[in-house]
Amino acid sequence: MFTLPGKLADHAGTDGWICIVLDWLLVCLSGWIMLLTLRKYPSLTLPELLEQLFGRWLGKLLMLLPIGYFMLIGWFNLATTSIYIKNWFLPKTPPCVILFLLAVPGYMIVRQGPSIHGRFCELVFYMSIFMILLPIMPLAQGHWLHLLPVVKEGWRPILDGAVHTLNAFAGIEIILLYYPSLQKKRYALHGLLAANTITLIIYLYVTIICFIYFSPDGIARLDQPLLILMKNVGFRFLERLDSLALAAYLLVIFTALAPAAYSATFTLSRLLGMPDHRRIAAWYFSAIVATGLIVQPTWKMSLWWEQRIVNAVLVLLPFVPIALYVYVWGMEQVRKRRPG
Amino acid sequence: MKKLLFAIVLLAFITRGGLDRAEIENLSLRLIVGIDLDDDGNLVFSASNPIFDKESKIKEEEFVTRADTLWDSRAKSDRTFMGLAVSGKIQEFLIGKRVMEHANWFRLMDPLFREPKNSVRARMIMVDGPVEDVIRHKPEDKPRLPLYLTKLIDTAHRKNVTVRTMLLDFWNQDVEKGKTASVTELRKESRLMITGTALLDEKGKYRLSIGPEETMLLRMLQNERKGEFSFTFHALFEPDQPTITSDAYSFSIDKFSVKTKTGYADDRFRFHITIKMRATLGERLFPLDMPRETVKLQQDMAEQFEDRFGDLIRKIQQAQIDPIGLGLHARAREYRHWKQVQDHWGEALSTADIHVTVKVSIVNKGLID
Amino acid sequence: MFFRSGILDRWFRNANKRPNVPNPAEGTGPSPQADADPAPAYADSAQIRADPIAISASLLDNLALANRSFPQAPDLVIRRFAAGPQKTPAALLYLDNLTDKNALNSHVLRPLMNAATPASGNWKAVPYTTIGNVRKIRYWQEAEDAILQGLSVLFLEGCPEANVFETSGWPKRPIEDPQMEASLKGAHQGFVETGSQNIAMLRRYLPNRELRIAEHVLGRRGKTKVWILYLQDVADPSILRELQNRIAAIDVDAVVNTGELAEYIEDHNGSPFPQLIVTERPDSAMSQLLQGRFVVVVDRSPSVIIAPATFTTFFQNVDDYSTRWLIASFIRLLRFAAFLIALFLPAIYIALISFNYEVIPLELFLSIAESRERVPFPPLVEAFMMEITLEMMREAGIRLPAPIGQTIGIVGGIVIGQAAVQAGIVSNIMVIVVATTAIASFILPSYDMGTAVRLLRFPMMLMASLFGIIGIMISSIVLAIHVISMQSLGTPYGSPIAPFRWHDMKDTFVRLPLKMMYNRPRSTHPTQDRRLKMKQPPKEPS
């Protein structure tokens, strides 16, 4: 979220906010198609579903793909967070120590089940909702004129920007794993739309404020415009809130980490036939800390991985649901024709 | 067993912490940083740090050195300051006029944006004279210099005697193609005086200074409504009498609104700015039958305003700068034409047609007639 | 995504694994077949306990047995007399000072010794006694238990049964204001050490036929009676079962006071936070009963346990409901603010001073720096020193008698603090921080929660001194996850904050007017919801 306005401005100038809306549309559609597929098999978890669709061995093999993907996302999340912390707060502390600090609550929350994740997300939501109001303060120094004219260079840069920032919305594929555990499946679509819309509103809000405050010529050069903007936010008793805002954002990071890491470890443990996922979660987090010892996470590395993830998401979000749906539909047609 | 292992690992990691600790009494906080050019054209950096020790009699110490960059000067100052020099709470930047007469001097400020801990809330001040004099100024009847300067500038800004540009705002203005930067101007005579605003061009080079009243006009054109706007005019319709200035009147503007219309014709931009003001009469040194002749006074005010605005705009156009920010309007409304001239907007503005219309209404005339 | 705590929750629940102990026989009175394995004691008593002995018809045999069972008990009184018109040799056994002398003398001995009292119609025409509660027993173990509990046992020559009379009366404390939970406007009665009196007090507060009492006996030697009270139509039966199972699973020598019982039955022993409310106030217990919770009264202990409890119940106090709702809401918010201050203030101070100085406004910065300049210690050591000194003063103040205790508080606080600042050992900002923290931690109405906060302050300070604001953040996240994942007898500990229940919020951070609280809080899963229905007063014909 912090680098989003900068990247958008880089690709699409001040029309970047339209990219966000486009992304939102795409993700909602993709989620809806996923739901269509999942509705046909309401009580099968993803491993079982894959087994049924593709046969036992191929299904198990295919299962490794989402597991790997989620593990990567979890690791990436933690590594990027540790880079932020190292830059902003603790420059001299070795990165593996920071990773360890992050891994401890990470493990604590992943070893619980999804109901605890849900409680945690609720709690974080209510605790961080007031932070939303903080960036309003420097708004008086901004110029709404920055946003005009709309669509100044045509639609192509906007599409370009949308494509490159799609991973900001990537999280919706969790639904593939959580769907069978839902109790009120009728509301799955509502939940999906609500979650996406909340994300949309927050991103739009942040992006538009950054565009208004910073000059359009300069914003593309800033790495984390929101945080730099927050440097100017302050009260009489607390002068600069950027560090505090970033520290509070840690909470939100864990809400993103928990479902991804949990899905990965849980499905892996089911695949391997283990009774619960806690041991795998312990190994996973130890591995993350160990990579911090071996390889120092750097900004460049994070950007490189981000690029890979963006590419993966570009394939995943639009195409995989459609492919899955078509495949399932195809199988149904075949089955219909088989009995005489 | 597992818990023991975890405890050992925890201990091992925890003991590696605390490397970034730096207690505040061990810090040498740079509160004012000054950049100047000496007679040979070398960069001279100065810094003023507060002293926390109760045993010392003076409240701050300064350090002046020749260095190549800001970073370099900080490293050099570590040789004499008692603590680590940090830039997290810089209150003011004093830039000498000689420095500002060079283009792109702002690049010296680069590390302040790169390091996350640095402050971007420092006030930018141009010093008309040697910076060292100002930094070493230690008046006995005033608080510490950094606090004193801060209060001075904030108060002057509230009265719209000068602008207040923080570092980040300056960066914004510097990068922005549609607007040129403006900073506070300071001079040291027997005491520190704010003389007005210094206007810079697109490359940050110093162009011209304007006084307090012109600053107020500039702020109005920029549609910055905070603070007080008070003027003293001489009525054009009253005979000029040599005794106690008896054709003068003063008023303050409570509210005003600025509407800018942008157009493009005949190969140049056209800006039509309409300002509506509501004034409160503060002083009137000649008799006037208020209920019937208010219109006369209002017209007088409007005319004088338009003249003054015209003068200011002519000055600005002659200097080929745009502190008002008309470029933003141009970009918003006439994007295609803007694109052609965006890299030399000052020049384009100097040929533009800028017309200001003012409408004043006196809403409050005070307790007496 | 809507999840209910159900299958998934039980699967992932982080409960203490309880050993699967087969339920020993829980008696509601002295049972004939008492213990499987004998506890080593006096050799004779062990032999007696090993196999159940029946009361013999011979009085002398019984008396010999008594002397062997109570070998060194000079307070055992054996009153031999002739009972009834036929002058049957009889002996009344009781423990001195454990019985109510009045009842014993007037209602047992007198009618028995008085030949004029009408005969009881059974057994050798022994007269009736005028005592209320009489039982017949056949086994020696029951007689022993009865004597040990202050009842008196009557042996008659030639009768193979003994009579047990309810004459218990032991030294009791008058009912006074509970010390740790003083209230401004509530009742000034507190529970006492006699379980039956406590139950009587609760019955006074809730004279309702739905109030049920389940009795258990705990402890092999202690034989402490424990009662679970609940409202049948409101409380959740599954929680009752869980509670009873846990109490039945306890197999110890004795449960001395309620705190020990709480530790045995709570879910997460290792957590610093209390999961069961322990209170001495009957009005508070009553309001919890009405919300669908269970009250566990322990004999010989003036505190009762209220289960299940959630995190926010420890911030509620009886006074909130006696004062007006606006002021009550303000004080509730003050408590939560105090909780945060007590937990975080020293840590935030250390973090800002050591790591994130740019957040402090400039004037404050300069004054803090000036005052810290003279202190030779790093802020963590300074903070630890002050906090530990404060804790020592607090503990000392508890043990000292009242007038000295107050003086020590003032002397310690003001004089020592001031002297320390002047000597340059601590900075005056530190003294302010520590004092504010101390005051904040006193505001919490629950002693257990207050001590939890006092304890948690120290690791928080340590993390702040190692990693600054990030350290504080990580510690708070760890704490939050810990609180959220706890259960108290099956209810989520963090409710109504997480899982968020809008409905219960009416009584958490603020106390909305009573008219708006017409349903019971959901966190206790009550089986009957409605508690209030305001009727409109009839309109006067104008």
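## The contact between chains A and B

The contact takes 21 residues from chain A and 19 residues from chain B. The model is a predicted one. On the chain B side, helix 7 (167-175) and helix 10 (326-333) each supply at least two of the residues that touch chain A. Helix 7 of chain B gives the largest share of that side, with five residues.

What is the make-up of the side of chain B that touches chain A? Its residues divide into 10 nonpolar, six charged and three polar.

## Chain A: helices and overall form

Chain A has 13 helices and zero strands. Read from the N terminus, its elements run α-α-α-α-α-α-α-α-α-α-α-α-α.

The radius of gyration of chain A is 21 Å. A compact globule with 340 residues would have a value near 20 Å, so chain A agrees with that expectation. Along the principal axes, the C-alpha trace of chain A spans about 75 × 45 × 35 Å.

Of the 340 residues in chain A, 45% count as buried. Now take the contacts in chain A with a separation of 6 or more. Residues 24 or more positions apart account for 80% of them.

## The open sheet of chain B

Chain B holds an open sheet of eight strands. Their order is 4-3-2-6-7-8-9-10, and the pairing is mixed. Strand 4 (60-66) and strand 10 (206-210) of chain B are the edge strands, and each pairs on one side only. On average, neighbouring strands of this sheet are turned by 30° against each other, direction ignored.

Within this order, strand 7 (residues 123-127) and strand 8 (residues 182-188) of chain B run parallel. Three bridges join strand 7 to strand 8 of chain B. Which residue in strand 8 of chain B is the bridge partner of Met126(B)? The partner is Glu185(B).

Helix 8 (residues 212-221) of chain B lies across strand 9 (192-200) and strand 10 of chain B. The angle between helix 8 and strand 9 of chain B is about 45°.

## Helix 4 of chain C: two faces

Helix 4 (residues 101-113) of chain C has these buried residues: Ala103(C), Leu104(C), Val108(C), Pro111(C) and Leu112(C). Seen down the axis of helix 4 of chain C, the buried residues fall within an arc of 130°, so they line one face of the helix. The face turned away from the buried side of helix 4 of chain C carries the exposed residues Lys101(C), Asn102(C) and Asn105(C).

What do the buried residues of helix 4 of chain C pack against? Their partners are strand 1 (76-83), strand 2 (88-95), strand 4 (152-156) and strand 5 (162-165) of chain C.

## Thr436(C) and its surroundings

Thr436(C) sits in helix 15 (residues 428-443) of chain C. Is Thr436(C) buried, exposed or partly exposed? It counts as partly exposed, because it has 16 C-beta neighbours inside 10 Å.

Leaving out residues up to four places away in sequence, Thr436(C) touches Ile341(C) and Leu345(C). Val483(C) lies 47 residues from Thr436(C) in sequence. In space, the C-alpha to C-alpha distance between Thr436(C) and Val483(C) is 25 Å.

Conventions:
Residues are numbered from 1 along each chain as its sequence is written. Chains are lettered from A and ligands numbered from 1 in the order in which they are written. This is a predicted model: local features need pLDDT of at least 70, side-chain atom pairs count only at pLDDT 80 or more; totals for chains, interfaces and linings use all residues. Helices (H or I, at least four residues) and strands (E, at least two) are DSSP runs, numbered from the N terminus. A residue is buried if 20 or more other C-beta atoms lie within 10 Å of its own, exposed if 12 or fewer, and partly exposed in between; C-beta atoms are placed from the backbone. Two residues are in contact if their C-beta atoms, placed from the backbone, lie within 7 Å. Two strands pair if DSSP finds at least two bridges between them. Axes are lines fitted to C-alpha atoms, for helices over the stretch in contact, and angles run from 0 to 180 degrees between N-to-C directions. The arc is that of the directions from the helix axis to the C-beta atoms. The radius of gyration is taken over C-alpha atoms; the globule rule is 2.2 Å times the number of residues to the power 0.38. Ala, Val, Leu, Ile, Met, Phe, Trp, Tyr, Cys and Pro count as nonpolar, Asp, Glu, Lys and Arg as charged, and the others, Gly among them, as polar.
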